[in-house]
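Here is a briefing on one protein chain. Look over the sequence and structure, then read the points by topic.

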Amino acid sequence: MIQKIMDEIYSVGILDWDRRLFDELIPLPDGTSYNAYIIKGKEKIALIDTVEPKFFEGLLKNLQQLNLAHLDYVVINHAEGDHAGSLPQLLENYPELKAVTNQKCKEIIMALMHIPEERIRVIEDGDTLDLGGLTLQFLMTPWVHWPETMLTYIPEKKILFPCDFLGSHLATSELYVTDNARFLTAAKRFYAEIMMPFRKLIQNHLKKLEDYEIEIIAPSHGPLQSNPSLILDAYKDWTSDEVKNEVAIPYISMYGSTEKLVLALVDALMERGITVKPYRITRTDIGELAMGLVDVATIVIGSPTVLVGPHPVVAYAAILANAIRPKAKFASIVGSYGWKGKMVEQIASMIGNLKVEVLPPVVIKGKPTEADYKEIERLAEDIYNKHKELGIL
Ligand code: FEO
């Protein structure tokens, strides 16, 4: 449906209440939306972003209901299909329409969607496009979360269109954020899943945005934000180099021995005033785990040994953690084996991207003994001392 944001600016995107998986990987517990916006200048009219292709008919209906005299530009802030995927149908329906984007994005949409070159107008960082009384200003912000990503800003309205950046996978009938806690949880999950690997670059983008007066953030997923500092401050916190006095323990236990070690470690850490987040990963969705890794100082992976290596589901979680690059400073491993194994070496080889100091692991034979529990206490003490040295405890 169409929702008026302010004079000359309308939301024309689509709510996808039922979507539960993105990229065949990322769970979407709250659905999502593919937001698109019409900007009506006195002379030109622009659409910002399109929608997931299967919802093109809905976008077209919204555009037709607005009775636009013409549609001149479609700004492509990001080439991924959920925002640019309807471009071929849109160009077919509006023969005069031009896609406006940067050179890198142009190359990607030409490769992914075979968009004819003559239908694309290339802009650069800082370029503006005058619509008549309203100006589209383009800011290059690569790697949020693809190399071609950019933002569009309208200075006359102080509104920012950041596409994926600063957004949330949240289907809601409300145009604006009304429940800050629910929104921040969804936004943190979104950050953890796709933005976290680019934390350092995002720090620079956030600095760049300080030069812009922003009253409304209109992302391409989730509700609009009329209190921009809420999400900007959250992003500053998540992307900062500071970690919290927290330990995440993603683990699996087949016969109970690894679980005994994990639960003993949880107690030992709690006794030392450390916040602990255990995730039994056969029951935890990967988005929840990713979110849990955003702030933690320490990650302890718990795994039994399967055919000399870690349990395959633990290996999957380790590979995932390695890909999303949380800022944790310390890591360790706890687990159990039946006869022998190379679990520690194999897990260590899977988390090479993490800039962590590895604390001596506790990997035992069979069911834990008193001596093994003492080793768990030693690991808890090691973590405590490291957190203390960091000044977070
Ligand atoms: Fe929402 Fe990167 O697409």
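**Charge, fold and domains**

The mean positions of the 41 positive and 53 negative charges of the protein chain are 5 Å apart. Lys and Arg count as positive and Asp and Glu as negative, while His and the chain ends are not counted. Each charge is placed at NZ of Lys, CZ of Arg, CG of Asp or CD of Glu. This is a predicted model: local features need pLDDT of at least 70, side-chain atom pairs count only at pLDDT 80 or more, and totals for chains, interfaces and linings use all residues. Residues are numbered from 1 along each chain as its sequence is written, and side-chain values use heavy atoms, with hydrogens and water left out.

**Overall fold**

- The protein chain has 12 helices and 23 strands. These are DSSP runs numbered from the N terminus: helices are H or I with at least four residues, strands are E with at least two.
- Its C-alpha atoms fill a box of roughly 80 × 40 × 35 Å along the principal axes.
- Of the 393 residues of the protein chain, 59% count as buried. Buried means under 20% relative accessible area, exposed over 50%, and partly exposed in between (1.4 Å probe, protein chains only).
- The accessible surface of the protein chain is about 16500 Å², and carbon and sulfur atoms hold 51% of it. Areas come from the Shrake-Rupley method with a 1.4 Å probe; for residues, only the protein chains shown count as cover.
- Take the contacts in the protein chain between residues at least 6 apart in sequence: 72% join residues at least 24 apart. Contact means heavy atoms within 4.5 Å.

- The domain assignment gives domain 1 (3-239) and domain 2 (247-387). The bounds come from an automatic or database domain assignment.
- The centres of domain 1 and domain 2, taken over C-alpha atoms, are 38 Å apart. The contact takes 14 residues from domain 1 and 14 residues from domain 2.
- Domain 1 and domain 2 bury about 1200 Å² between them, with 66% of it on carbon and sulfur atoms. Buried area is the accessible area (1.4 Å probe) that two parts lose on being put together, summed over both.
- In domain 1, K188, R189 and M196 lose the most area to domain 2. Together they make up 39% of what that side buries.

**R189 in helix α5**

- R189 lies in helix α5 (residues 180-195).
- R189 counts as buried because its relative accessible area is 12%.
- Beyond four places in sequence, R189 touches P27, P29, D285, G287, E288 and M291.
- R189 and G292 are 103 residues apart along the chain, yet their C-alpha atoms are separated by 8.6 Å.

**Backbone points to check**

- Most residues other than glycine have a negative phi, and most peptide bonds are trans.
- A cis peptide bond joins V144 and H145, with omega about 15°. H145 sits in the loop between β13 (135-140) and β14 (150-154).
- H114 is not a glycine but has a positive phi of about 55°. Its loop runs between α4 (103-113) and β11 (120-122). H114 counts as exposed, at 66% relative accessibility.
- V308 also has a positive phi, near 70°. V308 is in the loop between β19 (296-306) and β20 (309-310). V308 is partly exposed, with a relative accessible area of 42%.

**P304 in strand β19**

- P304 is placed in strand β19. P304 is buried, at a relative accessible area of 7%.
- Leaving aside neighbours within four places in sequence, P304 has contacts that include I252, S253, M254, T258, S336 and M343.
- P304 and V363 are 59 residues apart in sequence and 8.9 Å apart in space, C-alpha to C-alpha.

- L15 is in strand β3 (residues 14-16). At 34% relative accessibility, L15 is partly exposed.
- L15 touches T32, S33, A171 and T172, not counting residues up to four places away in sequence.
- L15 and E117 are 102 residues apart in sequence, and their C-alpha atoms are 31 Å apart.
- E174 is in the loop between β15 (159-161) and α5. E174 is partly exposed, with a relative accessible area of 40%.
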